[in-house]
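Visitor: Could you take me through this model feature by feature, giving the general idea before each case?

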Amino acid sequence: MRVKMILPALTEATSPLFRPIKYSLFPPLGLATLAGYLPADAEISLHDEHVERLRTDDDPVPDLVVIQVYITSARRSYELADHYRARGAYVVLGGLHVTSLPEEAAQHADTIFCGPGEDTWPVFLADWRRGRAEKRYDSTDRTLAGLPPVRRDLIARHRYLVPNSIVVSRGCPHHCDFCYKDAFFEGGKSFYTQTVDAALAEIDRLPGRHLYFLDDHLFGNRRFASELFEGMRGMGRLWQAAGTVDSILAPDLLEQAVEAGLRSLFVGFETINDTNLATSRKRQNIGRDYGAVVRRLHDVGVMVNASFVFGMDDDGPDVFDKTVDWAIRQGIETATFHIMTPYPGTALFDRIADQGRIVHRDWDRYDTRHVVFEPRNLTAEQLEAGYWRAYRDFYKWGSIWRGTAGQPSMRGRLRHLAYAGGWKKFEPLWNLAIRSHQVLHALPLLESVLSGFGERPAL
């Protein structure tokens, strides 16, 4: 039984000359997780087009080809699926885009999977071995009980800056109308976790100090998070994760996370306009003091990676400068900017489509860098130009230096400069390291920056 598992490259990551560092950050854990269900005698290969050139002239042809599809990799995914079906392989497709547009995906696959695969994948494997595989499997039973260990032996660790990425939960307890993953978890629980013991066992399997939790909201179940952080105390780990503004402002949990090794947190601020928050159902942010969120994180030694979305209905031409200025004044270390993108399967897409404001359905351009709808208070040209200007202005050396002003110590300022500057200003060097497979050598530097060059926060 020969199984080939593929993560096709996103459109924007296929340049022959330059590949942004973000595409060499994390290995394809979803596919490596599914591989854990395959029989011990299966010949399995795992391929990530973001970090390696994919060969499609396999001899012999794989028996089963598994492809994970995102919206901006859909075109490439379908090309690969059609190629392998023509060669006689059985091809299955799953992932966010397949769940959003199953009828489209089904034209290129023998079987499709809608929603997470922990419950449907084992059923399919049994059906397929009997020659009775269904055309479509829909997830309804949401549990991580009995989840096999991730097949990390299939991952080429030397190709990734953060090989120690980990996911201990699925989904999110919130339902923002622009969230691509919300539709993925329809038909069952939208948020669920591993047992704490299983999560700690997976952490124990990872070498080194650094971890990155890829969970959409690691703090989403307070009891689980508290027990997990307690179990991680004394492990000597340094880690990064994502959380929401309301979880940061809640008492005690953040301090527990820091004691367990938290040093950087991705926070979805999304917009500094409360009207936009209500429209997009970002209720967990409404009425929250964003400045207090940043101060609370900095006070305990946690750096902030802030997410912002431009092009919401209440955004005008001044939104870009206002947002960047606010982020710099707060001393936010890194920021990720996005153009609002109405992904198919989301409430946002339905609302914009009903209003006749969808411009086209070229999925290659649904990458949060292009305008694919008619903005309400901006032109498309203003929105795209403002998006690029925000990145340019936030990551100027002068802006990075201004952002250090609120740091309480020289070590804190150095950490801010190293992290903010290293992420964007030295991207060509990261590209060289990626292509020469030297990214693992950057791990000690990353750990040093996260630890504040030896500084420990005072709690």
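Visitor: Where is R415 found, and is R415 buried or exposed?

Guide: Helices here are DSSP runs of H or I with at least four residues, strands are runs of E with at least two, and both are numbered from the N terminus. R415 is found in helix α16, which covers residues 410-424. Buried means under 20% relative accessible area, exposed over 50%, and partly exposed in between, with a 1.4 Å probe and protein chains only; R415, at a relative accessible area of 8%, is buried. The C-alpha atoms of R415 and M303 are separated by 9.0 Å, although these residues are 112 residues apart along the chain.

Guide: Before going on, note that this is a predicted model, in which local features need pLDDT of at least 70 and side-chain atom pairs count only at pLDDT 80 or more, while totals for chains, interfaces and linings use all residues. Residues are numbered from 1 along each chain as its sequence is written, and side-chain values use heavy atoms, with hydrogens and water left out.

Visitor: Which residues line the second largest cavity, and which element gives the largest share of its lining?

Guide: On a 1 Å grid over the protein atoms alone, a cavity is a set of points where a 1.4 Å probe fits but cannot get out, and lining residues have an atom within 4 Å of a point. The second largest cavity is lined by I328, I332, E333, F394, S399, I400, G403, H416 and A420. Two or more of its lining residues come from each of α15 (397-403) and α16, and the largest share, three residues, comes from α15.

Visitor: In what order do the strands of the open sheet run?

Guide: Strands of a sheet pair through backbone hydrogen bonds, either parallel or antiparallel. Two strands count as paired if DSSP finds at least two bridges between them. In this structure, six strands form an open sheet in the order β2-β1-β3-β4-β5-β6, with parallel pairing. Its edge strands, each pairing on one side only, are β2 (43-48) and β6. Within the sheet, β4 (residues 90-94) and β5 (residues 111-114) run parallel and are joined by two bridges, and V92 has T111 in β5 as its bridge partner.

Visitor: What does R152 touch?

Guide: Contact means heavy atoms within 4.5 Å. R152, in the loop between β6 (136-138) and β7 (165-166), touches L29, P163, S165, I166, E202 and L206, not counting residues up to four places away in sequence. R152 is buried, with a relative accessible area of 13%.

How values were computed:
1 Å grid on protein atoms, 1.4 Å probe; cavity = no way out; pocket = protein on both sides within 12 Å on 5 of 7 lines; lining within 4 Å.
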